[in-house]
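I opened my notebook to jot down a few things to look up. Here is the model I had on screen.

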Amino acid sequence: MLFYDFEVFKHDWLVVITNTADKSEKVFVNDEDGLIEFYNQHKNDIWIGYNSRHYDQYILKAIICGFKPQEINEWIIVKRRSGWEFFNDFWKIKLLNFDVMINKFRSLKQLEGFQGHDIRESSVEFTIDRKLTKEEIEEVIKYCRHDVHETMHIFTEQITEFESQIELLKMFNLPLKHISKTKAQLSAVILEAKQPSVPRDDEFDFSFPPTLKIEKYTKVLDFYKENKDYKKFLDIDVAGVPHIFAWGGLHGARHNYYGTGYFINIDVASYYPALMIEYGYLSRNVKNPDKFREIRDTRLKYKAAKDNRQAPLKIVINGTYGAMKDQYNGLYDPLQANNVCIGGMTLLLDLIEKLEPHCEIIQSNTDGVLVKLYKEEDYELIDDICYEWEQRTKMELEFETFVKVIQKDVNNYILVDEEGKYKSKGGYVKKLNNLDYDLPIVNEAVVNFFVKGIDPEETIFNCTELIKFQKIVKISSKYDYAQYGTRRMNEKVFRVFASVDENDKELTKVKNGSSEKISYVPERCFIVNDDVTEMKIPTKLDYWWYWDLAVDRINAFRGGK
């Protein structure tokens with residue numbers, strides 16, 4: 001495996017390549033012939049980069065095809081065009097490229113920042129309109145090497161993504177060249193899906209499931225019958241809960257709800273794949289629909305046996321729905337995608353309608369509903385209602401029980417079970433990890449308060465890890481630059497901390513000469529873009545700023561109390 005990263009300037013380019021087999025490194029600076037020779041020696045190896053699917057692989061292919069890297073760089077970065085559009089024959093260049101980037105909204109520097117690593121950037125501007133000096137080249141190589149090593153680190157953090165991709169190729173006897181494909185693209189290959197030669201024109205000719213029994217909330221059915229605009233949505237009260245029905249799903253929740261008692265979270269197991277199988281909603285481009293059922297059934301068998309091979313199969317069955325809305329994918333079939341989504345929403349509404357007289361609806365989303373029993377003895381009645389729905393609709397429901405619910409809205413909530421363990425969702429309370437670690441001390445303080453009854457002051461002031469107080473800021477391409485006080489900053493990503501030092505300034509973003517505030521950045525902060533994993537907390541850290549934010553979020557759950 002080769003980890004690689006390109007840097008392209010107006011008059012220079014370079015690439016750093018690390019070979020994991022022998023731990024060797026190659027650096028090519030403006031050396032087309034040397035890079036092409038290296039490529040020919042390693043064209044059967046797997047090349048791994050961050051965002052390499054959209055950028056680095058096309059720089060390499062352009063060099064191999066005789067183009068200047070600056071041409072394709074401008075095409076992708078300045079003109080914002082897709083690399084494959086630049087030259088029709090790029091696909092003929094063999095490159096086993098695997099992209100580490102999972103979330104396109106997260107840059108490599110942001111992920112480095114979340115981990116507490118060094119996120120300092122080169123001082124060499126990409127806009128320099130001259131040849132770089134020897135010293136500038138060395139500096140760029142240093143930072144490029146750092147990014148390659150960070151890509152390797154992120155790769156190991158989410159190694160299961162790569163392992164699942166490889167396992168899929170083995171399972172379905174596919175050539176290694178498919179390592180470069182996205183999950184959705186791979187799903188299309190495995191299911192042998194190809195779009196028809198003549199495009200269909202039946203996107204809105206959907207039908208409701210034949211098993212559907214809606215008697216009270218027929219207004220929802222009317223909305224979908226009469227509406228062909230994806231931007232429109234229906235705002236309606238269902239079971240005393242404000243709901244929104246749109247073309248991408250439904251959600252409803254009691255706002256600022258806090259309750260204790262007996263709660264059941266009722267989820268439909270593998271909902272969308274089950275709808276495709278039981279109601280024939282799978283893309284019509286699939287050569288053999290039975291293959292999809294076989295993959296689903298095999299995955300369930302592996303899952304029951306706790307066999308790790310269930311993970312790659314999950315990729316195929318879960319990736320199929322999204323691919324049916326992608327006009328560039330072999331599975332593209334917007335009618336069937338609408339059938340799946342509308343069928344799923346209305347069948348869930350069907351279940352809510354049956355449950356409503358016998359329990360309290362707390363929230364619902366695209367594939368489940370959370371209810372509170374009036375008394376624990378009602379469990380069997382709820383179970384019977386759900387069983388009737390399962391038998392009629394051919395869907396399967398899964399139950400989870402909880403004793404406490406703290407809910408700000410449908411996107412922010414905490415569910416606590418009898419053992420004190422909790423599930424949470426939303427930016428305020430979600431469980432963080434190494435690649436998503438922003439203002440962790442505030443999340444911890446809010447969760448500790450609601451789950452364990454710990455005062456946020458205790459959580460915040462007793463913390464001794466500086467990294468838990470970090471806020472990672474990324475300045476998007478919509479803005480010209482960042483500004484710290486009156487000083488223009490060259491970096492795009494920053495790690496900031498609240499400060500009590502009056503000499504510290506505010507970090508803002510500037511567009512057309514106008515400065516704007518950045519969300520959750522304190523008016524007085526200090527910036528540490530070095531590695532902070534072992535760094536001690538300085539005396540100027542403003543603990544109270546984090547306490548104020550935690551209290552604000554706690555009050556947001558309580559409805560501003």
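Is Val403 buried, exposed or partly exposed? I found Val403 partly exposed, because its relative accessibility is 28% (buried is under 20% relative accessible area, exposed over 50%, partly exposed in between, with a 1.4 Å probe and protein chains only).

A note on the source: this is a predicted model, where local features need pLDDT of at least 70, side-chain atom pairs count only at pLDDT 80 or more, and totals for chains, interfaces and linings use all residues. Residues are numbered from 1 along each chain as its sequence is written, and side-chain values use heavy atoms, with hydrogens and water left out.

I placed Val403 in strand S12, residues 397-409 (strands are DSSP runs of E, at least two residues, and helices are runs of H or I, at least four, numbered from the N terminus). Leaving out residues up to four places away in sequence, I saw that Val403 touches Gly259, Thr260, Gly261, Phe263, Val416, Asp417 and Glu418 (contact means heavy atoms within 4.5 Å).

Next I checked helix H5, residues 134-157. Its 24 residues should span 34 Å at 1.5 Å a residue, and the end C-alpha atoms are 35 Å apart, which agrees (the expected span is 1.5 Å times one less than the number of residues). Among the buried residues of H5 I listed Ile137, Val140, Ile141, Cys144 and Val148.

Last, I followed an open sheet of four strands, in the order S17-S16-S19-S20 with antiparallel pairing (two strands pair if DSSP finds at least two bridges between them). Its edge strands, S17 and S20, each pair on one side only. Four bridges join S16 to S19, and Ala482 has Lys509 as its bridge partner in S19.
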